[in-house]
Amino acid sequence: MHLIPQTSMAVWDLSVSVEELGAEAPPLKISVTSDLHIGGVILKVVEKTQITKDWSDHALWWEQKQQWLLKPAWTLDKCGIHADARLCLTPQHKPLRLVMPNGVTLRLRACFSSPVFRTVMGICKVLNIRHPEELSLLRPAEEKKKKKQKDEEEVFDITSAPLPTGSIVKLANGMPAFFAESPQMENVYKMLSVSQPAPPPEIIAKMYRPTSKVDKAQVNSRWLDSSRSLLQQELKENDKLFLRFKYYSFHDITPQFDAVRLTQLYEQAKWAILLEEIDCTEEEMMLFAALQYHIGKVSTTEQLVASCPAMDDLDSALQCLEVKMEAETSADEMLETMTAPELHDYLKIFRPKKQTLKKYKQFWFTFKDTSISYYKSKEESCKEPIQQMNLKGCEVAPDVSVAGQKFCIRLLIPEPEGMNEVYLRCDNEQQYSKWMAACRLASKGKTLADTTFSSEVQSIQSFLAMQRTTPGSKAVQSDDSINTHSLVSPRYQKKYKPKQLTPRILEAYQNVAQLSLTDALLKFLQIWQALPDFGISYFVVRFKGCRKDEVMGIANNRLIRIDMTVEEVVKTWRYNTMRQWNVNWDIKQVAIEFNGNVNIAFSCVTADCKIVHEYIGGYIFMSTRNREQNDTLNEELFHKLTGGHDAI
């Protein structure tokens, strides 16, 4: 009896270079068949190297296709690999130089094979930062080669930290256990979780400061693509990247668990103010300086603890409360909503576009639901109003000087042909606090019956109280150690001498000196979040059918069209009126459809349209978190909302 020999598959040579053998070593040639799986290829390569070590973190990188081969069960045939393929066996985790928001540079191992979204999750796990979806990685600006050689920055090496595969063991104070292994490592954790003093003013003066919204748009062109890996984006071992909060939508800040997160968020906010990335008034700058001074003093003695409830009015905390409240609506609350409260009072109004000699004119105003109506007098309020303005979707900004007793509210109200600019002037702090709170809620589509109205009023009043100076009280003793010029932005360094700044900062300091470290950090963030330009990321775009470039601002709840020459808001579109958006990847154009048959389309000038697409989708993703009160991230949904046509 004769056996018929089976036809065996053709054997061919595959070239695989191995990082461990050195850059100069020639690639290894291994004999394979097309039905050999990726895991088998790795085994053959490892055997041929004759190096005994743990190879579990290694994977194959396909150079020509710029992709990882991460499915060990797939065959070479299924992957489409032939004899001309150049493969490289390389570790998936490699060292990276990471610059934190407070300027500290770490050297740590990051994953070069997973999408950046997951890589950031791993980095945040090592550093004990919750809600990693709010952060991302930014390329550094192009540096001149001469500068690089001048001064080499200090780098703190934490590559010994365990890879973030399972759960990282934490100590009682929330510090990951590996940071407690040596005094040096503990010191690194302290640098991340405790606010660092600002450098001397001459160093701040040399740092890059954007002078226009176009300058700010350049920064946003450097974000990495969240759906592709570091290696796919041509990053190499030991490259430098910046870890930054990208989405200004901070969920569930809990000071006792968020020491690093809260400190780094404060540092990012502080530097945004010091480097004039965000505008604020002179009074606000003095208050920011006083809070920085106070935080610097108490950081040496205090630790972050649970904040007192009165201070916990960051947006995220309010949203959590809203969700609970909505779920527990009682009959009384329903009745209260049906008989929604109203505001009414005499206020002054001014419309800059109407060329009138007399600026402000007094009328009787009523605020009901999300609309303001005004009448000639209180007696006329039973008749038709002179005008009714619906504030849903409007821009609200304070125009306040506590010292000058000026309490104005600037409104930009969307209309079919653009934005209608209106100023309301209040007589005093109490009146301003109520009307400002009502305007802010109305802009989000909420009424005076909303559960957050009273806390919004209190928040505005406490902020005004902090800006109030008390001439009768004894001035704080002059403190020569206070480095005033490191507490204010260069604009005020030029405007005032240190001896002029010191008493002003110390005067503002009187109003915050009693705050605990936690409350001071939260108060700083709260005031930062209340600034008119807070949380807007800028891009230079060109709208379809237009001949000139414009600026597009992307915030956590709206898109803002801005005229580039005068830097004025032209139009605002809220996400909650968005029906759909898509990207034409061939012509790199973003198209969005809103309610009421409103369609816009634009191409991106300063950044890849994938970055803009990711910002919009990312903010939509952030808004879904309020409903899931847990720490598990729906990674698939993030990629569905933000990924391009080649998204993972």
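This section describes selected strands, helices, loop residues and cysteines of the structure.

The model is predicted, so that local features require pLDDT of at least 70 and side-chain atom pairs count only at pLDDT 80 or more, whereas totals for chains, interfaces and linings use all residues. Residues are numbered from 1 along each chain as its sequence is written, and side-chain values rest on heavy atoms, with hydrogens and water left out.

Helices (H or I, at least four residues) and strands (E, at least two) are DSSP runs numbered from the N terminus. Strand β5 comprises residues 86–91 and is mostly covered, five of its six residues being buried; buried denotes under 20% relative accessible area, exposed over 50%, and partly exposed the range in between (1.4 Å probe, protein chains only). Two strands are taken to pair if DSSP finds at least two bridges between them. Strand β1 (residues 12–18) runs parallel to β5 and is joined to it by four bridges, with Arg86 of β5 as the bridge partner of Ser15. Strand β3 (residues 58–62) pairs with β5 in the antiparallel sense through five bridges, and here His58 stands opposite Pro91 of β5.

Helix α9 (residues 282–298) packs against helix α15 (residues 498–510) at an angle of about 75°, and their axes are 8 Å apart. Axes are lines fitted to C-alpha atoms, for helices over the stretch in contact, and angles between N-to-C directions run from 0 to 180 degrees. The two helices α9 and α15 are therefore roughly perpendicular to each other, a class covering 65 to 115 degrees, while angles under 35 degrees count as roughly parallel, over 145 as roughly antiparallel and the rest as oblique. Residues of α9 including Met286, Leu287, Tyr293 and Lys297 meet residues of α15, among them Leu501, Arg504, Ile505 and Tyr509; contact means heavy atoms within 4.5 Å. The residues of this contact of α9 with α15 divide into ten nonpolar, one polar and three charged. In this division Ala, Val, Leu, Ile, Met, Phe, Trp, Tyr, Cys and Pro count as nonpolar, Asp, Glu, Lys and Arg as charged, and the others, Gly among them, as polar.

An open sheet is formed by seven strands in the order β21-β20-β19-β18-β24-β23-β22, with antiparallel pairing. Strands β21 and β22 (578–584) stand at the edges with a single partner strand each, so one side of each is left without a neighbour in the sheet. From one strand to the next, the twist averages 30°. Within this sheet order, β23 (residues 589–594) and β24 (residues 598–604) are joined by six bridges in the antiparallel sense, and Ala591 has Ala601 of β24 as its bridge partner. Helix α17 (residues 609–624) lies across β18 (537–543), β19 (550–554), β20, β22, β23 and β24, and runs at about 155° to β22.

With a disulfide defined as a pair of cysteine sulfur atoms within 2.5 Å, the count comes to zero. Cys604 is in no disulfide, and the nearest cysteine sulfur, that of Cys609, is 5.4 Å away. Cys604 is buried at a relative accessible area of 19%, and Cys609 is buried at 1%.

Two residues other than glycine have a positive phi. Asp252, with a phi of about 55°, is placed in the loop between β10 (240–245) and α8 (259–274) and is partly exposed at 27% relative accessibility. Glu567, with a phi near 55°, lies in the loop between β20 (558–562) and β21 (569–574) and is likewise partly exposed, at 31% relative accessibility.
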